[in-house]
Amino acid sequence: MIGILGAMDVEIEAILTHTQVKEIHDNNGLPMYYGTIEGKDVVIAKTGCGTIYASMITTQLLERNPITALVNIGTAGGLKEEENVLDVIISDRVTKHDFDTSTVFNTPVGFNEGNPHIYKADTQLVDVAVKTMESLSDSRVFVGDIVSGDRFICKKEDVDFITTHFPSALCGDMEAVSVGQVAKQYGVPFVVVRSLSDITVKEGNEMQFEQYVALASKRSADFVKEFIKALK
């Protein structure tokens, strides 16, 4: 069974258009949808915004179901000047940008050797995700590092901290690290796919949200369908 995690209602609803839903389980107001996509068993759940909700939902998904792979779709803010809105970032590694125990345990911050809070996506899932997304869209597709934390990155000091301590990070979001950390704990392969809604280090690059969310949600849903079709 493949677990599919989305951040927003509109993304989940778009994925459900490709799903033969068989059961809906209420999860304290956060439903989980059971069915098939391209003949393969799936369960679809909304993570909501932030690392705590994402950790909770991912854990519940893995505790209750025989999940063999996790795919997390959603949005992120780009962190490189050369990036554009609607570029796609597929995870290599994920970590938290707002978790720091260096003063207590001398744990290094960033994507550095010795940091135990770095979680690597499954290489086979990454390969399938890249091929799938490249076949569906003329947007550029990158594989790289993603940082997550419980704040929307817009202040200069936050941007400067991330670009200084996590220079390889291509984008920042609020859920990817939770999916990666829980997946690693349970020994389940995962991949994170993010569409860039804005580029934090550039001016005047935002799209109107209504325009962006319509494009990104449809593309994410099409990606999920073709990604699952391509999985063996």
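Thr95 sits in strand β6 (residues 88–96), where strands (E, at least two residues) and helices (H or I, at least four) are DSSP runs numbered from the N terminus. The model is predicted: local features need pLDDT of at least 70, side-chain atom pairs count only at pLDDT 80 or more, and totals for chains, interfaces and linings use all residues. Residues are numbered from 1 along each chain as its sequence is written, and side-chain values use heavy atoms, with hydrogens and water left out.

**Thr95**
- Thr95 is buried, with a relative accessible area of 1%; buried means under 20%, exposed over 50%, and partly exposed in between (1.4 Å probe, protein chains only).
- The side chain of Thr95 reaches the backbone oxygen of His117 at 2.5 Å.
- Contact means heavy atoms within 4.5 Å. Beyond its neighbours within four places in sequence, Thr95 contacts Phe111, Asn115, His117, Ile118, Ile146, Val147, Ser148, Phe166 and Val177.

**Ser55**
- Ser55 belongs to helix α2 (residues 51–64) and is partly exposed, at 23% relative accessibility.
- Leaving out residues up to four places away in sequence, Ser55 touches Ser178 and Val182.
- The side chains of Ser55 and Ser178 are joined by a polar contact of 3.1 Å. A polar contact is a pair of N or O atoms within 3.5 Å; within protein, one must be able to donate a hydrogen and the other to accept it, and residues adjacent in sequence count only if both atoms are side-chain atoms.
- Between the C-alpha atoms of Ser55 and Phe142, 87 residues apart along the chain, the separation is 25 Å.

- Glu38 has a phi near 55°, a positive value in a residue other than glycine. Glu38 lies in the loop between β3 (32–37) and β4 (40–46) and is partly exposed, with a relative accessible area of 38%.
- Leu86, also not a glycine, has a positive phi of about 80°. Leu86 is in the loop between β5 and β6 and counts as buried at 16% relative accessibility.

**Lys229**
- Lys229 lies in helix α7 and touches Glu38 and Lys40, not counting residues up to four places away in sequence.
- The C-alpha atoms of Lys229 and Ile37 are separated by 7.7 Å, although the two residues are 192 apart along the chain.

**Largest pocket**
- A pocket, on a 1 Å grid over the protein atoms alone, is an open set of points where a 1.4 Å probe fits, with protein on both sides within 12 Å along at least five of seven lines; lining residues have an atom within 4 Å of a point.
- The largest pocket holds about 400 Å³ of space; grid points are joined across faces, edges and corners, and a volume is the space filled by probe spheres set on the points.
- Its lining has 20 residues, of which Thr75, Ala76, Phe152, Met174 and Ser197 lie nearest the centre.
- At least two lining residues come from each of β5 (69–78), β9 (169–173), β10 (190–199) and α7 (209–230); β5 gives the most, with three.
- By class, this lining has 10 nonpolar, six polar and four charged residues. Ala, Val, Leu, Ile, Met, Phe, Trp, Tyr, Cys and Pro count as nonpolar, Asp, Glu, Lys and Arg as charged, and the others, Gly among them, as polar.

**Second largest pocket**
- The second largest pocket has a volume of about 260 Å³.
- Residues lining the second largest pocket include Met1, Ile2, Asp122, Pro189 and Lys232.
- Helix α4 (residues 123–136) gives the most to this lining, with three residues.
- The lining of the second largest pocket has eight nonpolar, two polar and two charged residues.
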